Amino acid sequence: MAKGICPVCGNEIELSPRERLPYTRVTCPRCLAELEVVEIDLVRLRRVAPEEGAEKP
Ligand SMILES: [Zn+2]
């Protein structure tokens, strides 16, 4: 289940699969602010080569 945080009042808003699209307009049920989906994934991962992540002094 995808959730978003209202930037106005901090309310947690659950997004249905249909709303999980960029630029989808949703209304905060608490403060009734009009919001737009700008980020879908909270965590992004990418694969790196073993050497790439190693820290070099
Ligand atoms: Zn709100």
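**View 1. The hairpin of S1 and S2, with Gly10 between the strands.** Gly10 adopts a positive phi near 80° in this hairpin, where six residues lie between the two strands. The model is predicted: local features require pLDDT of at least 70, side-chain atom pairs count only at pLDDT 80 or more, and totals for chains, interfaces and linings use all residues. Residues are numbered from 1 along each chain as its sequence is written. Strands S1 (residues 2–5) and S2 (residues 12–15) are antiparallel and joined by four bridges; Gly4 has Ile13 of S2 as its bridge partner. Strands are DSSP runs (E, at least two residues) numbered from the N terminus, and two of them pair if DSSP finds at least two bridges between them.

**View 2. Glu19 in the loop between S2 and strand S3 (25–27)**. Glu19 is partly exposed because 15 other C-beta atoms lie within 10 Å (buried, 20 or more such atoms within 10 Å; exposed, 12 or fewer; partly exposed, in between; C-beta atoms placed from the backbone). Beyond its neighbours within four places in sequence, Glu19 contacts Thr24, Val26 and Val37 (contact: C-beta atoms, placed from the backbone, within 7 Å). A separation of 9.8 Å is computed between the C-alpha atoms of Glu19 and Ile40, which are 21 residues apart along the chain.

**View 3. Tyr23 in the loop between S2 and S3**. Although not a glycine, Tyr23 has a positive phi of about 70°. Most residues other than glycine have a negative phi. Tyr23 is exposed, since 7 other C-beta atoms are found within 10 Å.

**View 4. Leu32 in the loop between S3 and strand S4 (34–36)**. Leu32, a residue other than glycine, has a positive phi near 65°. With 10 other C-beta atoms within 10 Å, Leu32 is exposed.

Terms used. Contact = placed C-beta atoms within 7 Å.
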